[in-house]
Amino acid sequence: MLLSALNELYGRLAEDERYAIAQPGFSLQKITFRVVIHPDGRLHAIEDARDHDGKRPKPRQMLVPGGAKPSGPGINPNLLWDQSRYMLGFTPDDSNPERTAECFDAFRRRHTDLEAEVGLPAFSSVCRFLEQWKPEDGGQSDVLADAATTGFGVFSVLGAARAVHQLPELGSWWTAKEGGTDPDALIGQCLVSGARAPVARTHDKIRGVAGAQGAGAALVGFNDAAYESHGLSQSFNAPVSEEVAFRYATALNALLDGPARDRHRLTLGDTTVVFWTGRPTPAEDAFMAFLGKGGRIVDDKTQDDAVLASRKGFLEALRRGRSAGGMGESGPEGRVPFYLLGLSPNGGRVSQRFIYRDTLSTLYERLGAHFRDIGLEPSPPRGKRKGDPEFPSLRDLLEQTAREPKNIPPLIEGALIHSIVEGARYPYALFAAVIRRIHADRRVDYLRCCVLKGYLNRNLNKGLLMALDDSRSDPPYLLGRLFAALEKTQEDALGGTLNKTIRDSFYSSASATPGVVFPRLLRTYQHHLSKLQGGHRVNRERLIQAILSGAENFPRSFDLSEQGAFAIGYYHQRQAFFTPSKTSEND
């Protein structure tokens with residue numbers, strides 16, 4: 001399914017200029033320096049070709065002739081682009097000058113051998129440069145010491161508007177040269193298209209997967225006799241035509257490592273997640289915003305107001321179960337397929353961790369159910385503190401399981417995505433990890449309670465509401481409310497000057513063994529209550545008496561699910577203290 005979907009995706013991306021998709025025989029590469037020469041081959045300058053608009057220089061993506069640079073010990077010179085060791089016979093901090101000299105010699109011979117066949121003056125200028133260039137002069141360039149270590153270089157003739165490899169005549173010659181069929185190619189039936197065509201011996205590497213090799217890793221490949229059969233070796237063992245192999249790898253690389261990668265790719269833990277739809281839809285922007293940092297959905301200053309308003313409206317409609325501007329089940333885009341792919345590194349290979357395919361209408365429905373399950377009233381901005389994200393992202397939720405993002409349990413990401421996209425139960429490991437974090441630092445905040453509420457509602461049918469529910473009588477929820485009220489009484493009595501409250505000292509034990517802790521807390525509460533004045537004291541005492549009237553006794557212990565309900569009750573009551581009461585005009 002994956003290769004077939006990527007093969008179809010290639011046709012869509014080729015028609016969209018945002019992706020700069022490569023045509024057969026070409027590839028998209030990261031260019032960091034430019035060798036500018038005179039028409040007679042003399043060096044004019046070695047220039048930095050990177051993009052300097054951001055905080056740090058970034059390589060520029062360019063379409064160049066040939067595929068990705070193959071890895072391994074072999075010497076493989078490219079045409080009119082390559083590493084500095086090939087183009088100039090120089091590389092900073094060279095540990096193997098003999099190999100560098102061989103690379104430069106192979107690069108020079110390849111171009112001079114093709115000069116007569118190409119027949120272009122600009123190509124001849126490159127040949128003259130290679131014949132007269134002295135590799136030891138490369139150390140005089142400050143550009144090479146920095147830019148040449150992170151990407152590739154190209155050639156330009158002084159005064160020309162395009163690099164040499166970008167000349168239309170050169171592109172036509174290369175296309176004609178590469179378009180012919182190798183007489184020694186193996187002809188077979190492609191597993192993807194079903195057509196009989198030359199079968200690819202090896203497939204292009206996949207780039208942009210976090211943790212994989214920088215030069216790329218194979219998605220399809222066989223490198224051991226144990227995986228071969230019927231006398232077929234390498235990728236002949238899984239016959240895919242050369243055309244389809246190029247198309248699927250190019251399309252996936254465009255999503256992972258192309259100019260538009262931010263619209264499709266995100267890293268969660270050790271998993272690189274890729275999302276796309278059967279045709280361009282607003283879902284591609286909205287869904288990646290959901291996967292990423294929640295604050296970016298509506299606070300991304302790099303997007304214009306119309307885009308941000310569209311994102312927020314889309315997510316609001318999802319949670320409320322309405323059609324999202326024509327994107328719902330009855331809208332014109334509801335039947336468009338979507339694909340969600342998870343990739344992880346595995347040495348020199350890329351492993352497919354998961355893949356989901358369904359229609360957008362199903363995705364919208366399940367996203368809406370997810371938001372309704374985890375939904376809580378967020379805290380508004382106060383002072384320098386930003387308000388809670390109204391629509392917590394998947395990354396927001398995952399980060400509640402560990403002290404640092406790098407410590408997120410590796411199997412939770414895929415399980416949580418499965419819960420959301422398939423409408424399945426939330427993973428117990430996610431719920432348990434958040435409970436452990438609360439016990440560790442006694443922080444019961446919005447995002448953590450979103451995780452707890454989602455698990456309790458979807459998995460255990462607890463029916464918890466978004467805000468305070470005065471009608472609930474289950475002991476864990478009531479005692480969570482009670483603990484919040486006791487803590488607020490302590491804060492009010494002592495003027496808010498406390499270094500720590502009863503939450504810092506007693507939350508973990510109160511939520512796990514309430515029968516031991518609450519009698520002691522209620523004795524201390526009487527002391528704090530006596531320091532409150534007038535109606536404030538009366539109202540607080542009424543609240544606590546109302547809560548206690550529903551809790552006939554204090555259970556000896558709570559299990560993890562009850563501790564989750566305790567946390568929700570605590571959060572709801574704390575939020576109620578800071579939410580202004582709604583009064584009528586007469587009042």
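Which residues of the largest nonpolar core touch the most other members?

## Nonpolar cores

They are Leu291, Leu340, Leu394, Ile417, Phe483, Leu486 and Phe518, in a core of 79 residues. A nonpolar core joins buried Ala, Val, Leu, Ile, Met, Phe, Trp, Tyr and Cys residues through side-chain atoms within 4.5 Å. Buried means under 20% relative accessible area (1.4 Å probe, protein chains only). Helix H16 (residues 475-493) gives the most to this core, nine residues. Helices are DSSP runs of H or I, at least four residues, numbered from the N terminus. Apart from this core lies another, of 70 residues, including Val126 and Leu256.

Phe483 has contacts (heavy atoms within 4.5 Å) with Phe506, Tyr507 and Phe518, among others.

## About the model

The model is predicted: local features need pLDDT of at least 70, side-chain atom pairs count only at pLDDT 80 or more, and totals for chains, interfaces and linings use all residues. Residues are numbered from 1 along each chain as its sequence is written, and side-chain values use heavy atoms, without hydrogens and water.

## Cavities

A cavity is a set of points, on a 1 Å grid over the protein atoms alone, where a 1.4 Å probe fits but cannot get out; lining residues have an atom within 4 Å of a point. Two cavities reach 30 Å³ or more. Volume is the space filled by probe spheres set on the points.

His370, Tyr426 and Cys450 are among its lining residues. H15 supplies the largest share, three residues. In the second largest cavity, of about 30 Å³, H14 supplies the largest share, three residues. Tyr507 is one of the residues lining this second cavity.

Technical notes
Buried means under 20% relative accessible area, exposed over 50%, partly exposed in between (1.4 Å probe, protein chains only). Helices (H or I, at least four residues) and strands (E, at least two) are DSSP runs, numbered from the N terminus. On a 1 Å grid over the protein atoms alone, a cavity is a set of points where a 1.4 Å probe fits but cannot get out, and a pocket is an open set with protein on both sides within 12 Å along at least five of seven lines; lining residues have an atom within 4 Å of a point. Lists of a residue's contacts leave out its neighbours within four places in sequence.
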